[in-house]
Amino acid sequence: MKRAVVIIMTTILAVLFPLNAIAMDISSDNIMVRVMVMDDKDSVCIAIKSCYKVMAKDTDRVVMDGPRLSAKVLATKDGIMIGIRELKMRSIEIVSDGKTKISVGGRIFRGSIEIIRKENGKLMLINRIALDDYLYGVLYHEVSHRWPMEVLKAQAIVARTFALFQARQNKNKPYDLRSDVYSQVYGGSTSERWSTTMAVNVTKGKVLVYDGDILPAYYHATCAGSTESASNLWKTDIGPLKGGILCDYCRISPHYKWMKEIPLWKVEENLCKGQYNIGKIASVSVLSRNSSGRVDKLEIKDDSGVSVILTGKDFRQLLGPNEIRSTKFDPSIKCGSLILEGYGWGHGVGMCQWGAFGMASQGKKAAEILQFYYPGTEIATIDQIRGRF
Ligand SMILES: [Zn+2]
């Protein structure tokens, strides 16, 4: 019944909110992504309330099955223990019959769960899931499900594009995406909401392309005035990510301006961990900024005159991306603390999510939002670029 309602509403919304002239009969159902959802775990509880199978990853042979599963999984010397059964293998896949989802440590997941016993004797868990099922669990974490449908649609297209790009980049690695801020935040089925699911459904199969290829669709929370060039951060220098887009739409963002106070001993400790050789900090000054106003190079001097120079990006990474929300800041020292008066949240490349919200609030459509933040790109279907990933 719930599914029927979703299908009917999806159809209505597709009519009410057409994205562009592209037909809606595109399928991305058969594209799977591998999302690392847990790492370095000693044990984890897994439950499935309907029939399940456990397969050996290397042979696809069924090594265990049953009408339901509720067991603690842990690594042993030679393999993986599920409940009281030891499987002498390095990697297994747990599959539900589809009637119920899989509970992993209290979080609910669609798709299947691969468990790898790592060399260090710990467990890594990878959720193998259809692309759009994955997006259902991403959108809630990336934007507010109460935002206008046009910004949710823009986010769905960007997240789908980003996931496909990452999957291509990482195809020889054990997983395509992480479930945290280093890829896209993914909470599994527990994080699905009606509006965000709808946004994924009405944009089904749609991705951003540039020059006929999938776009590295980076995005961030708030640019605070101007987007950043991708070439300042990564080895990519394509037209749509050249940055410098003046964005006034994110002025409404709660992250537009921030202030952070970090005790100097903490900065010194982190510099030491990062192998920077410096004593008691005496001054922190900006040596250069890039054209978007973000810190390019930062000089930190100690009380004996020794100084280290590091990039704004490395400095943010060293202190933690959530401690220092962006590299657009003015530093000063007061009473034994480093004071940062900063602007925006995130690396600043690509779509500014709060700016996209501002645009949608002013009546702009998803396609206009995407064209604004990724100039020169087109919305295409996955089928049109299938040979490119
Ligand atoms: Zn912005």
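Ser195 is buried, at 12% relative accessible area (buried is under 20%, exposed over 50%, partly exposed in between, with a 1.4 Å probe and protein chains only). The model is predicted: local features need pLDDT of at least 70, side-chain atom pairs count only at pLDDT 80 or more, and totals for chains, interfaces and linings use all residues. Residues are numbered from 1 along each chain as its sequence is written, and side-chain values use heavy atoms, without hydrogens and water.

**Ser195**
- Ser195 sits in helix 4 (residues 194-202); helices are DSSP runs of H or I with at least four residues, strands are runs of E with at least two, and both are numbered from the N terminus.
- Leaving aside neighbours within four places in sequence, Ser195 is in contact with His145, Met149 and Leu152 (contact means heavy atoms within 4.5 Å).

**Zinc site**
- Cys223, Cys247, Cys250 and Cys352 coordinate the zinc ion through their SG atoms, at 2.3 to 2.4 Å. Donors are N, O and S atoms within 2.8 Å of the metal (3.2 Å for Na, K and Ca); water is not among the atoms, so sites may look incomplete.
- The 4 donor atoms subtend angles of 104 to 118 degrees, so the arrangement is tetrahedral (four donors, all angles between 85 and 135 degrees).
- Along the chain, the donors of the zinc ion follow the spacing C-x23-C-x2-C-x101-C.
- Cys247 lies in the loop between strand 16 (219-220) and strand 17 (257-263), and Cys352 in strand 23 (residues 351-352), so the pair ties together parts 105 residues apart in sequence.
- Cys247 counts as buried at 2% relative accessibility. Cys352 counts as buried at 0%.

**Helix 5**
- Leu264, Val267, Glu268, Asn270 and Leu271 are buried in helix 5 (residues 264-273).
- Seen down the axis of helix 5, these buried residues fall within an arc of 165 degrees, so they line one face; the arc is that of the directions from the helix axis to the C-beta atoms.
- Exposed Trp265, Cys272 and Lys273 are on the face of helix 5 turned away from its buried side.
- Gln275 follows helix 5 and has a positive phi, near 70 degrees.

**Nonpolar cores**
- The largest nonpolar core has 89 residues, of which Ile46, Ile82, Ile115, Leu125, Tyr134, Met351 and Tyr374 touch the most other members. A nonpolar core is a set of buried Ala, Val, Leu, Ile, Met, Phe, Trp, Tyr and Cys residues joined through side-chain atoms within 4.5 Å.
- Helix 3 (residues 149-169) gives the largest share of this core, 12 residues.
- Another core, of 19 residues, lies apart from it, including Trp258, Ile300, Ile324 and Leu338.

Notes
Four donors count as tetrahedral if all angles lie between 85 and 135 degrees; four count as square planar and six as octahedral if opposite donors are over 155 degrees apart and all others between 65 and 115; anything else is irregular.
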